[in-house]
Amino acid sequence: MNIEDKNGATVLHRTQVQAPRRSWRTWLIGRPLPTADAPHQTIGKLLGLAIFASDALSSTAYATQEIMIILAAAGAAALGYTFPISIAIVILMVVVTISYEQTIYNYPGGGGAYIVSRDNLGSKAAMVAGAALLTDYVLTVAVSISSGVAQISSAFPDLFPWRVQIGVAMVLLVMLINLRGVKESGTAFAIPSYFFVIMMFITIGVGLFRYFTGTLGTVVNPPEMHSFGEAAMIGPFLILHAFSGGTAAMTGIEAISNGITAFKEPRSRNAGITLLWMIAILGSMFLSISFLVGPIGAVPSEQETVISQLARTVFSDANFLYLLVIAGTSVILFLAANTAFAGFPRLSAILATDGFLPRQLAFRGSRLVYSRGIVALAFLGAALIVIFQASVTRLIPLYAIGVFLSFTLSQTGMARRWWKVGHLRPGEEVREAGSVLRYDPRWRGKMILNGIGALLTLVVVFVFAITKFVDGAWVVILVIPALVLLFSRINAHYRRLAEQLSLEDYGAPPRIVRHRVLLPLGGVHRGTLRALSYARRLSDDITAVHVSIDPEETERLQEKWLDWGDGVRLVILESPYRTFLEPLLEYIDTIDATRQPNEVITIVVPEFVPRHFWANLLHTQTALTLRWALLFRRGIVITSVPYQVD
């Protein structure tokens, strides 16, 4: 215990010694962790790859298929464009990765596109980036879980009618694991993530070997081909449409830059290396899958995924290896939602700290994770799965607009940052909210690279908005501005509140000259007398108030009050319509109208507190009712005086 003397006031420091008691929450998510354990809950590169890269890596399970679904509108011959489009996507992927690598080293506090936009483009751009990223994280949960269900139903068609229920159950499971903490969730997800990577590289390796040795066959009994939209001719519009669908492979690239603080020191270096590992694995798998689907004659279909067709063709049958591939793919798609569960709560906490989301989202839970953000994400993701019936094709059009909008803002912000860096003198430093600006002689090249990346990703945003507008992209185009408006309103509320609570130029606090106490009575009993005793300590001006609904009961109460009321006046309010609240509020309004300056009306309410929580349902909860009715009235205080009963 430390004691300080500050301006004549004694300040005591006391540390909680006893750990919180065990409860059902302890059994479900683990024992509470002290704040001092926070540095020990950080993760290294291997766990970081499992946590933050699962979304990006899992996109290889459906990105190629999304390209093919759109190309199929022009017939089977158009599917030959799948691999060239994939090459263009990987080139864009590399450009965006370089930008985020710069972001990781220059903004080690995390926050990604939001922080970059806030420091370089202003608060409005930052709100757009935040809204885009939060939207994308919610869609990541819905798309990845739905895609995982699709993989399972490809191998076990009888489960197809239960896809929504399975999807919601998996969201709740991933939520529960994440509530147990970053380190535990990383450990739980590491083995399945690396199992998927190994199985995919085995499949790709065997497939390429059989292709070059001329032993790779074609898909046996292929499913019926599914196309997205009406029949079309091969042309620039169709190619751009397919390109935009395939860019789903790039979702999740930004997650590491948003969650840098989860890594061990040196955080930026560990996060940067993890990002490079992720892109190397992602790019090689995506290109290989897009290459192999052509020779085997795979077709896009909702009945059987392209990955399923590839695996059973490479391994010549739906054998044990095929089942391992499907199992690994299904699990990684389920776990891809974990990237969102790692990024959404952290970004929400940053937005909440800046006053754009409710402050509660900025507080860590008992396991040192942002529990409220995790629960909110689970609820929103599960809702989308139910609304869209776990259909990947219906969800994909909503998916990538948000992430590519954040890519555009991030790279524009970085280009702006390099411009500011170029106008500093060598050795000069300028501190900003999220980083420190230092002169860099290579600023021109970096600015040009980020500018090119911003332009390319902006083109993708427009392509998405145009080609997928009627397919559902209009929803995201409306949701993002709505979120920005919500952020603005929340921020305006916090600003007004700060101004009204500020002690600057406040002067001396107003003195309360007197209390006028009202004591609502439902009966005269021990609880009433305890409340009366408390009221006498506040003031001598006490008025007991009873709302009369039953004349006989009122007469008995009046007689009892004359014996036990200790001379306090009693006002009986007749209620011909047998209502309790309205006559009491009307009387309070009358008293409030005659209230003097520096006078406070205090309503002291006797309150039963039963031992068992369910017993509260047997009582009228008068204190709670009055509190809600008078919460927004100035100069009125509601005080409940509890009386514990067995």
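Reply: In this predicted model, the lining of the second largest pocket comprises 20 nonpolar, three polar and one charged residues. The lining has 24 residues, and the space within this pocket is about 510 Å³. Nearest to the centre of the pocket lie Leu134, Val138, Leu380, Val479 and Leu483.

Is Gly130 buried or exposed? Gly130 counts as buried because its relative accessibility is 0%, and the cut-off for buried is under 20%. Along the sequence, 13 residues separate Gly130 from Ser117, and their C-alpha atoms are 9.2 Å apart in space.

After H12 comes Gly297, which has a positive phi, near 70°.

The description now turns to a strand. Strand S6 covers residues 542-548 and is mostly covered, with seven of its seven residues buried. Ile542, Ala544, His546 and Ser548 point one way from the strand, while Thr543, Val545 and Val547 point the other way. The residues of both groups are buried.

What does S6 pair with? One partner is strand S5 (residues 514-521), which is parallel to S6 and joined to it over five bridges. Within this pairing, Leu521 has His546 of S6 as its bridge partner. Between the two strands, the chain passes through helix H19 (residues 526-538), and this β-α-β crossover is right-handed.

Strand S7 (residues 569-574) also runs parallel to S6, and six bridges join the two. Here Val547 stands opposite Leu573 of S7. A right-handed β-α-β unit is made by S6, helix H20 (residues 551-564) and S7.

To bring the strand together: S6 has S5 as a parallel partner and S7 as another. His546, which is buried and points one way from S6, has Leu521 as its bridge partner. Val547, which is buried and points the other way, stands opposite Leu573.

Terms used: Residues numbered from 1 in each chain as written. Predicted model: local features only at pLDDT ≥ 70, side-chain atom pairs only at ≥ 80, totals over all residues. Heavy atoms only, no water. Helix = DSSP H or I, 4+ residues; strand = E, 2+ residues; numbered from the N terminus. Buried < 20%, exposed > 50% of the residue type's maximum accessible area, 1.4 Å probe, protein only. Pairing = 2+ DSSP bridges. Right-handed = clockwise from strand over helix to strand, strands pointing away. 1 Å grid on protein atoms, 1.4 Å probe; cavity = no way out; pocket = protein on both sides within 12 Å on 5 of 7 lines; lining within 4 Å. Points joined across faces, edges and corners; volume = space filled by probe spheres on them. Nonpolar A, V, L, I, M, F, W, Y, C, P; charged D, E, K, R; others polar.
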